[in-house]
Amino acid sequence: AMKMYRGSVEFREKRGSDFHIQVGKALKECKGHSEEAMQAFMLATQCGDGEAPGLYEIGDVHYEARQFDEALRWYDKALACDSSMALAISGKANCRKDQGLLEDAVELYKQARAAAPKDPTFTFNLAQGYEYVQCYDEAVECIDTFMAKVQPTEMNTVNHFAIPLLHLKLLFVGGPKHHSRLSAVLDQIKAYPEVAKTAVQKLLTHWAYYFFLSHLLKDRVDCQTGGGSEPFYLVGDSHILTAAWRNMTLQGRKVHTVPKLITGLKAWHLRENFSFLTVSNLETCLQSI
């Protein structure tokens with residue numbers, strides 16, 4: 001394959017930036033060929049309109065290798081060529097998120113969505129960013145704004161169909177004031193065409209949340225948060241949702257259980273000097289209590 005690529009007209013004449021980028025993406029998926037992928041992306045930068053996309057792809061190679069500072073450097077190079085490139089802005093946000101700088105990540109996700117408001121990817125990323133910093137109302141509003149503008153005929157990518165899965169989780173965790181809307185979103189997801197259902201099931205975590213909540217909500221009793229009831233916080237991963245938004249008496253006190261969700265939280269994430277998104281998510285969550 002590499003021999004054929006190097007023998008191609010596009011390679012010899014340094015033209016067809018998208019050709020080089022597609023080759024680079026294919027090489028990136030092949031173990032041990034990241035250097036060849038970088039060469040293909042670098043060639044794309046020499047093909048006129050391919051400079052910003054090629055620089056962005058080089059940044060992505062470094063991001064996937066968790067070389068965040070180097071990734072940021074290449075994303076900035078891409079933005080120097082095209083300041084409105086939403087993918088590069090979002091790439092920077094992903095780096096900041098994985099570095100534990102969640103507030104910085106949210107600001108960058110906002111910029112990415114502003115640069116490409118019709119792309120569901122950037123609405124999804126921003127809503128999830130709000131979730132990481134415990135801003136559920138903002139996350140719900142972010143998705144509401146997007147869904148109010150998208151037409152049914154425009155629901156044509158996996159990311160379009162992924163948004164309601166995230167929406168369902170946000171509405172539930174966001175509290176009783178949002179719960180009257182859950183059934184409508186459940187019905188929307190259940191009505192997906194089979195091809196869309198098959199596609200979103202590959203988004204394992206998000207489909208798992210939908211599957212779990214669709215069963216949990218069958219026999220839910222509405223939670224009442226007033227009347228002298230105190231909040232009792234449940235901090236953890238998806239397992240806490242079973243007990244979330246329940247009224248109970250605990251040691252003689254009337255309480256209602258409030259979920260503080262940290263997706264994937266496990267004890268080993270909390271090892272000393274261990275840097276991981278989940279740790280920053282947990283710290284931000286605890287500060288919000």
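How are helix 4 and helix 5 oriented relative to each other, roughly parallel or roughly antiparallel? The helix 4 and helix 5 pair is roughly antiparallel. The geometry behind this assignment is given below, after an outline of the chain. The model is predicted.

## Overall architecture

The protein chain contains 15 helices and three strands. Its C-alpha trace spans about 80 × 45 × 30 Å along the principal axes. Of the 289 residues, 49% are buried. When contacts between residues at least 6 apart in sequence are considered, 55% join residues at least 24 apart.

## Helix 4 and helix 5

Two packed helices are described by the angle between their axes and the distance between the axes. For helix 4 (residues 34–45) and helix 5 (residues 51–64), the axes come within 7 Å and cross at roughly 155 degrees. An angle over 145 degrees counts as roughly antiparallel, and the two helices are therefore placed in that class. The crossing of helix 4 past helix 5 is left-handed.

On the helix 4 side, the contact is made by Met 38, Phe 41, Met 42, Ala 44 and Thr 45. Helix 5 contributes Glu 51, Gly 54, Leu 55, Glu 57, Ile 58, Val 61 and His 62. Sorted by class, this contact holds seven nonpolar, three polar and two charged residues.

## Helix 6 and helix 7

Helix 6 (residues 68–81) packs with helix 7 (residues 86–98) at an angle of about 160 degrees, and their axes are 9 Å apart. Helix 6 is thus roughly antiparallel to helix 7. Here, too, the crossing is left-handed.

The residues of helix 6 that take part are Phe 68, Ala 71, Leu 72, Tyr 75, Asp 76, Ala 78 and Leu 79. They meet Ala 88, Ile 89, Gly 91, Lys 92, Cys 95, Arg 96 and Asp 98 of helix 7. By class, the contact comprises nine nonpolar, one polar and four charged residues.

In soluble globular proteins, nonpolar side chains tend to be buried together. In this chain the largest nonpolar core has 84 residues. Helix 11 (residues 158–173) supplies the largest share of this core, ten residues. The residues with the most contacts inside the core are Leu 168, Leu 170, Phe 172, Ile 189 and Leu 241.

Apart from neighbours within four places in sequence, Leu 170 is in contact with Ala 127, Glu 131, Tyr 136, Ala 139, Val 140 and Ile 143.

Gln 128 is found in helix 9. With a relative accessibility of 15%, Gln 128 counts as buried. Its contacts, leaving aside neighbours within four places in sequence, are with Leu 166 and His 206.

Asn 281 lies in helix 15 (residues 277–287). Asn 281 is buried, at a relative accessible area of 5%. Not counting residues up to four places away in sequence, Asn 281 touches Leu 102, Tyr 132, Gln 134, Leu 261, Ile 262 and Thr 263.

Most residues other than glycine have a negative phi. Gln 134, one of the residues touched by Asn 281, has a positive phi near 65 degrees. Gln 134 sits in the loop between helix 9 (120–132) and helix 10 (136–149). The side of the cut-off is clear from its relative accessible area of 13%: Gln 134 is buried.

Gln 251 also has a positive phi, of about 50 degrees, although it is not a glycine. Gln 251 is located in the loop between strand 2 (247–250) and strand 3 (253–261). At 74% relative accessibility, Gln 251 counts as exposed.

## Phe 19

Phe 19 belongs to helix 3 (residues 17–28). Is Phe 19 buried, partly exposed or exposed? Its relative accessible area is 33%, so Phe 19 is partly exposed.

Beyond neighbours within four places in sequence, Phe 19 is in contact with Tyr 5, Ser 8 and Glu 10. Asp 219 is 200 residues away from Phe 19 along the chain, and the C-alpha atoms of the two are separated by 53 Å.

Conventions:
Residues numbered from 1 in each chain as written. Predicted model: local features only at pLDDT ≥ 70, side-chain atom pairs only at ≥ 80, totals over all residues. Heavy atoms only, no water. Core = buried A, V, L, I, M, F, W, Y, C linked by side-chain atoms within 4.5 Å. Buried < 20%, exposed > 50% of the residue type's maximum accessible area, 1.4 Å probe, protein only. Helix = DSSP H or I, 4+ residues; strand = E, 2+ residues; numbered from the N terminus. Contact = heavy atoms within 4.5 Å. Axes fitted to C-alpha atoms, helices over the stretch in contact; angles between N-to-C directions. Parallel < 35°, antiparallel > 145°, perpendicular 65-115°, else oblique. Left-handed = near helix turned anticlockwise from the far one by under 90°. Nonpolar A, V, L, I, M, F, W, Y, C, P; charged D, E, K, R; others polar.
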